[in-house]
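Please open the structure in your viewer and keep the selection panel at hand. The stops below go from one whole chain to the place where two chains meet.

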Amino acid sequence: MADHLYGFDTLCLHAGHIPDAATGARALPIYQTTSFVFDSADHAASLFNLQTFGNVYSRISNPTVAALEERVAALEGGRAGLAAATGMAAQMTALLTLCRAGDHLVASRTLYGGTYSQFAVTFAQFGIDVTFVDPDDPENFRRARKGNTKALYAETIGNPQLNIADLDALATIAHDAGIPLVIDNTLASPYLCRPIEHGADIVVHSLTKYLGGHGTTMGGILVESGKFPWDNGNFPQMTEPSRGYHGVRFYETFGDFGFTMKARMETMRTLGPTLSPLSAFLLLQGIETLHVRMPRHCESTLAIAQHLSEHPQIAWVNYPLLSGNRYEALARKYLPSGASGILTFGVKGGAEAGVRFIESVQMLSHLANVGDAKSLVIHPASTTHRQLSEDEQRAAGVLPEMIRLSVGLESLSDILWDLDQALNNSQ
Amino acid sequence: MNITDDIAGLRRILTRYRSIAVVGISANWYRPSYFAAKYMLDHGYQIFPVNPNYSEVLGRKCYPTIAAIPESVDIVDCFRKPAEMVPLAHEAVAKGAKVLWMQLGIRNDEAAMIASAAGLDVVMNHCVKIEHARILGGLNWAGVNTGVISSRRA
C-alpha cells in the first residue's frame, strides 16, 4: 500500500511535529534547554559516536528546532534540513561544508548585498575564491567553472534586481561538472517555487522573511535534496573517514542525508551559529500560514505593479510577472502561482525625489527588511547601498531613483492610498 | 513481487519481528553495519552477528553463516555486495526467516524474487536503523524529512 501523499498546505501545519508523547500537547513544545540527560554511559557513548539518534546539546540539535527543520525540508521536497541562527549563517554552513581553503565557487553577481560581502570579503579571508557572473546567461557559470569549483550559487529571485534564475539550465551545468547547485530560495519561499524540483541540490533560506512572515525572528536553514551523488570523486570529505568524527564516512553511513549530518556534526557543531528553540517556535508559527499569506502577497503586489505602471509620477516599474518585464517568461515557468511580494520602481525626479517619497509615507514602514506581513519601503541608494559610488550602485542594479517595496497583507486600497499620497509629495 | 517500501509496511515489519541476523557485520565500531546492529540491539531487538571472520561482535557470538545460528531468525539484514544477495536469499528462505532486508545501496531483483516467492517480505536499498528511527522516532531529531504525519501521540 502506498503512503498517502499530503498536500503542501497540510505540510505547512503538520510536517515535523506529531503530538508530544509525554503530554499530548498539540502545539509544538519549546524545549528551552541547553542539554539533554543520557540514559547511561553506553547511551552517551552511542550518541557521541552517532550510533543512535538523539539530543546531546542544543548547539547540535534540539527537538523544537528539529521540528522546524523537518517542516521546511518537507515543504521544499528535500530529504533533510539544518537550521541556523540567520540566513547568512545557513548559507555559510552549507558552503563551508562543501569548500575548504583553495576551493572555488561560481555565484550570480546579482545576489543580496550581505551575501555578496560574505563571499567576496569573508570567504576570501578563508581562502575560498568566488567568481561572480551575470546570471542572465547561465552559460557564464559554465565558463567560470574551474577544476577546484565546488558549487554554483544563485537566488531564485535576485534581491533587489528581481531577476529570475534559470534553475533547469543551472542544474544541468552544475551536474555536468559533478558539483551541486545551491539556491537561495528566500524571496520565493517553497510555496511559489521548489528549486529541488528543478535540479537544485541544496536550498538555503533566510527564514526571517516569508517563511517566518512576521518580522519578529531571525533564522535560516539549509535543505538537502538527497539526490546528489557525493561519491563522484569531487567531495572526498563526504566519502573518506572524518577527522572531526572519529573516522565516520558521512555518505556511506547516512546516505541521502549525509551532507546534512556532516553540516550538523562538523560545521554547525564547531562554528556554532545555532538557531534558538524559542526562535524556531516563533518561525514555525509563521510557517503554519505560509500557504495563506503568499497568495495575498502576490495578488496585492501584481495589482500595485499594474497601478504604478500607469502612474504619472513613476518612471518605471519592475515586477517579474508584469507584462513586458524582461524576466516574465522565466517567472511564468518557475513562479507560475505568483512572483512574490517585492517590486521596485523609479520615482520621477531621481534620488532626491526618492528620498522625499520615503519621507512622505505614513503607513508603509521605512526599514531594511523584506517579506514581513507589514508593507516595507526602502530607498537603497541612500541606505543599504550608500557606501557605493553611483557607478558601483548601477553595476549592482541600484538606480538613484529606485524604491524597493515589500508588499504586506494590509488592505490593498490603503497601500495604494499611501503610495499615491507619498508620490504626490515627492514631486 | 512483494517489496515493502511504505511506512505502514515497514512499521509492521519493525514492530512484529524481533530477531535480526546481521550478515556481513563489521567489528569496527565506526562501520555502518556495527552502527545499525548496535542501534537495533539498544532498541530491544535480538541480534545475531554473521561474519566468518569473527568469533564475537558486540559481545555476542558471531556465526559464520545464517544456517549456523541455533535459534530462529525473523529478519536477515544484509551488509554484503549486491552480487552476493542471491545465495543469501536462498539461505534466508532455508532458515525460515520472515524478511530479507537489503541495506542502503543494495538492490538485487533476482534475490528479491526468490525471497518473495517463498513468502518473505523484501526490503531493498534501506538502512534498518534509519527506517526504524524514521518511523518509530529519533530520525526527526536529525532534521530528516521522515514523511510521517500523524495527529496521534508519538
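Predicted model: local features only at pLDDT ≥ 70, side-chain atom pairs only at ≥ 80, totals over all residues.

Residues are numbered from 1 along each chain as its sequence is written, and chains are lettered from A and ligands numbered from 1 in the order in which they are written.

Keep chain A selected and turn to its overall dimensions. Its C-alpha atoms fill a box of roughly 75 × 55 × 45 Å along the principal axes. Buried residues (20 or more other C-beta atoms within 10 Å of their own, with C-beta atoms placed from the backbone) make up 53% of the 427 residues in chain A.

Next, select chain B and colour by pLDDT, the predictor's confidence in each residue from 0 to 100; the mean for chain B is 95, and 100% of its residues reach 70 or more. The model scores ipTM 0.90 and pTM 0.95.

Finally, select the contact between the chains (C-beta atoms, placed from the backbone, within 7 Å), which takes 40 residues from chain A and 31 residues from chain B. On the side of chain A that touches chain B, the elements giving two or more residues are helix H3 (63-75), strand S1 (80-84), helix H10 (250-254) and helix H11 (258-271), and H3(A) gives the most, with six residues.

Methods
Buried ≥ 20, exposed ≤ 12 C-beta atoms within 10 Å, placed from the backbone. Contact = placed C-beta atoms within 7 Å. Helix = DSSP H or I, 4+ residues; strand = E, 2+ residues; numbered from the N terminus.
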